[in-house]
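Biologist: Before we talk about pockets, could you put the model on the screen, please?

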Amino acid sequence: MVLSNTFSKSDESIHSTFASRYVRTALPRFKMPENSIPKEAAFQIINDELMLDGNPRLNLASFVTTWMEPECDKLIMASINKNYVDMDEYPVTTELQNRCVNMIAHLFNAPLGEAEAAVGVGTVGSSEAIMLAGLAFKRKWQNKRKAEGKPYDKPNIVTGANVQVCWEKFARYFEVELKEVKLREDYLVMDPVKAVEMVDENTICVAAILGSTLNGEFEDVKLLNDLLVEKNKQTGWDTPIHVDAASGGFIAPFLYPELEWDFRLPLVKSINVSGHKYGLVYAGIGWVIWRSKDDLPEELIFHINYLGTDQPTFTLNFSKGSSQVIAQYYQLIRLGFEGYKNVMENCRENMLVLKAGLEKTGRFNIVSKDNGVPLVAFSLKNNSCHDEFEVSDYLRRFGWIVPAYTMPPDAQNVTVLRVVIREDFSRTLAERLVIDIQKVLHELDTLPSKITAKIALNGENADKNVTVVTKKSAIETQREITTVWRKFVMEKKKMNGVC
């Protein structure tokens, strides 16, 4: 006689997750579920859904590090439960942060003595670092204006229109007017001459970008410093400079050591850099370094003692993980100057390989510079039929995530695609990307252009005696054309038997 057991909820644990009821039950999206589920089921379901995310290694839109050595991964996991702010409980982690600050300050040529400690702090990224630097500039400017008996309610900051959005956040959150130098189609970074012209007695600082997010170009900090020195002499002001080196701070010292952009320039009072970009650490770490203690007003520093001892803190948040701080120290001592230089040289060489491959197609204009952040920004020579956004969209079929975007004012007529070359982007991948871009271009060449699709739509409506409204806003027209073009694409897929 054959014996069998009837399935019951009590013995679900002996079954495969895919044989359980959890894979056929919709998971709550808005409210916490009433009942628990097995850990194996929770892991499998979440892991399966995450498969729909893009591959971080192929995310060429991001400057953020997507690969680290397994040994560093182990250090990260071993310290993932440490709260960095508990300095008394984790004094070694605090010491590692201080070592990182000192090493980065010396890398940026801070005027420090042999055993003098640098002034700086680790942050969750360059956005927080910029907020802190901006607050220091604002408070120092306010203190001086108060001492002189002058109004201090209308501070402003001068930047290029190409700055990252965190500068706009700083200006809005902390009530500082943002004065932007407009770009030109032939000059896609801040013009130092125009920037200095916009400086007035209420300017708390001028922000220069070492590595524009848009095209990777380094702004001329040396020229900005020299022009500002002269203006300060003429006016009696002491307007300083902050360098946003989020991307370029870990590139320039290794590839362009003679370039003067850092604390070698007297008006540079603070610098931020992203450890999670070319500092080669996973997302979640940035740094801000001040030239000296005098550049960080003491009243901005808080002192707490309820965690065991007196602890100075100058951050916008409180609790944060220790893992990224430890990972940054690992990279600094593991790679050293030699290792970082090798990595950056590899990135530059692979950038040149990609650039040459794109130029060889004869279809693109290169917008980025060879000197700067290792990236390639490029635009179609002829986008009358198909544009950069379509190229970006079609590249996703091959797994590549390549962003397309328009430049800020007054260069908004320029649309580009951008590929960021990171440490884990090899020559093989660069060559493969060029091949896939050529495939995309070939496929787009076989499709009707958006303009043709628009004409066809009007023709269809005429046959059906439908009145076409032509007076629409630009965005409405663009959306309509895009919708019809997609219809043509889908019809072509059906004819070709593509599922």
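This is a predicted model: local features need pLDDT of at least 70, side-chain atom pairs count only at pLDDT 80 or more; totals for chains, interfaces and linings use all residues.

Biologist: What makes H4 the largest share of the lining of the second largest pocket?

Modeller: H4 supplies 6 residues to that lining, and a residue belongs to a lining when it has an atom within 4 Å of a point of the pocket. Residues are numbered from 1 along each chain as its sequence is written, and side-chain values use heavy atoms, without hydrogens and water.

Biologist: Why is it called a pocket and not a cavity?

Modeller: On a 1 Å grid over the protein atoms alone, a cavity is a set of points where a 1.4 Å probe fits but cannot get out, whereas a pocket is an open set with protein on both sides within 12 Å along at least five of seven lines. The second largest pocket has a volume of about 380 Å³, and among its 18 lining residues Trp141, Lys144, Asp238, Thr239 and Pro240 lie nearest its centre.

Biologist: How many residues of its lining are charged?

Modeller: There are 9 charged residues, beside 6 nonpolar and 3 polar; Asp, Glu, Lys and Arg count as charged.

Biologist: Which helix gives the most to the lining of the largest pocket?

Modeller: Helix H3 does, with 5 residues, and that pocket has a volume of about 660 Å³.

Conventions
Grid points are joined across faces, edges and corners, and a volume is the space filled by probe spheres set on the points. Helices (H or I, at least four residues) and strands (E, at least two) are DSSP runs, numbered from the N terminus.
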